[in-house]
Amino acid sequence: MTYTIVLAGYLVVVGFMFITQLIAWRHPHLIAPLGEMLERQMIERTTRVGIIAAWWWCGWHFVFAPPA
Amino acid sequence: MATADRVTPGWSRATIIWIAVLSLMAAFQLWRGAVVDGLLFSGLVVMLVVDRMTGGRIVLIRRAAQAPRWVVLTTAASLGLVLAISPRHGTLDAIAITALGVLALVLAWSPTGKRPQRPAAAYRRSAIAWSLLGVTFCLWEAGAYIASVSGGGDSFPTVSVLLDPFLEWPLGRLLFTAAWLVGGLSLLRVWHRR
């Protein structure tokens with residue numbers, strides 16, 4: 001039961017992410033799509049490197065890093 | 001090359017927030033015993049703080065950031081293939097993911113051209129929405145992790161635990177690596193290069 005609730009929590013957030021992106025694609029002048037927003041944030045070096053670091057860590061953590 | 005990017009000195013709100021996020025990430029990784037992850041994030045924070053304090057004067061390799069698209073794509077695809085098909089958690093895996101990290105850092109260090117233009121309010125709404133969703137997701141996962149190591153065990157799965165069976169499946173690992181690489185190359189705007 002607990003497992004299902006935790007899993008459902010992830011899926012609910014991912015569902016909201018999907019809906020947000022759908023709205024952004026349909027109304028980009030109301031809410032910018034994720035990719036464009038990130039590109040805008042990446043104007044500054046610190047944010048650019050920070051976002052790229054977060055992306056790289058996902059690969060490091062999920063594909064390579066051995067289980068703790 | 002035309003550019004709207006800034007590498008000027010300064011402590012904007014976005015800079016402070018991102019350094020705080022990376023610091024928090026470093027602290028969390030060290031707390032949970034992932035020493036290598038913690039040290040990587042700590043090193044990155046130190047480098048970014050020094051870069052800001054010295055007015056953006058840290059220069060990595062200037063010319064590498066100008067590498068043509070085919071060179072970047074071929075290098076990334078080759079390393080991605082090694083990452084996808086070599087034994088998981090092995091030495092080749094470590095070399096490939098490290099090389100991809102260095103490549104990404106070098107490419108991200110320099111400006112990469114003009115950015116899209118939409119109303120400022122659209123970007124602000126998007127940033128708020130995605131920040132809220134991202135923080136919620138991270139808090140949920142952190143909660144699951146803390147509960148799992150505090151006696152809850154397998155009843156509180158983290159994302160790693162949920163993804164692991166998929167990543168142990170060779171095709172799943174290949175698909176994940178490909179999607180991850182395409183995402184990173186898009187962030188680096190590699191498709192806009194000549």
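Chain A of this predicted model is divided into domain 1, residues 1-31, and domain 2, residues 34-68. The C-alpha centres of domain 1 of chain A and domain 2 of chain A lie 20 Å apart.

Chain B has seven helices and zero strands, so its elements read α-α-α-α-α-α-α when followed from the N terminus. Chain B has 194 residues, of which 25% count as buried. Taking the contacts in chain B between residues at least 6 apart in sequence, 60% join residues at least 24 apart.

**Interface between the chains**

On the chain B side, 61 residues are in contact with 46 residues of chain A. The elements of chain B that give two or more residues to this side are listed below.

| Element of chain B | Residues |
|---|---|
| Helix H1 | 13-31 |
| Helix H2 | 35-53 |
| Helix H4 | 91-109 |
| Helix H5 | 120-152 |
| Helix H6 | 159-168 |
| Helix H7 | 170-187 |

H5(B) gives the most to the side of chain B that touches chain A, with twelve residues. By residue class, the side of chain B that touches chain A consists of 38 nonpolar, 14 polar and nine charged residues.

**B:Trp180**

Helix H7 of chain B contains B:Trp180. B:Trp180 counts as buried because 20 C-beta neighbours lie inside 10 Å, and 20 or more are needed for that class. Leaving out residues up to four places away in sequence, B:Trp180 touches A:Cys58 and A:Gly59. Within chain B, the C-alpha atoms of B:Trp180 and B:Gly80 are separated by 9.3 Å, although these residues are 100 residues apart along the chain.

Terms used. Residues numbered from 1 in each chain as written. Chains lettered and ligands numbered in written order. Predicted model: local features only at pLDDT ≥ 70, side-chain atom pairs only at ≥ 80, totals over all residues. Contact = placed C-beta atoms within 7 Å. Helix = DSSP H or I, 4+ residues; strand = E, 2+ residues; numbered from the N terminus. Nonpolar A, V, L, I, M, F, W, Y, C, P; charged D, E, K, R; others polar. Buried ≥ 20, exposed ≤ 12 C-beta atoms within 10 Å, placed from the backbone. Domains from an automatic or database assignment.
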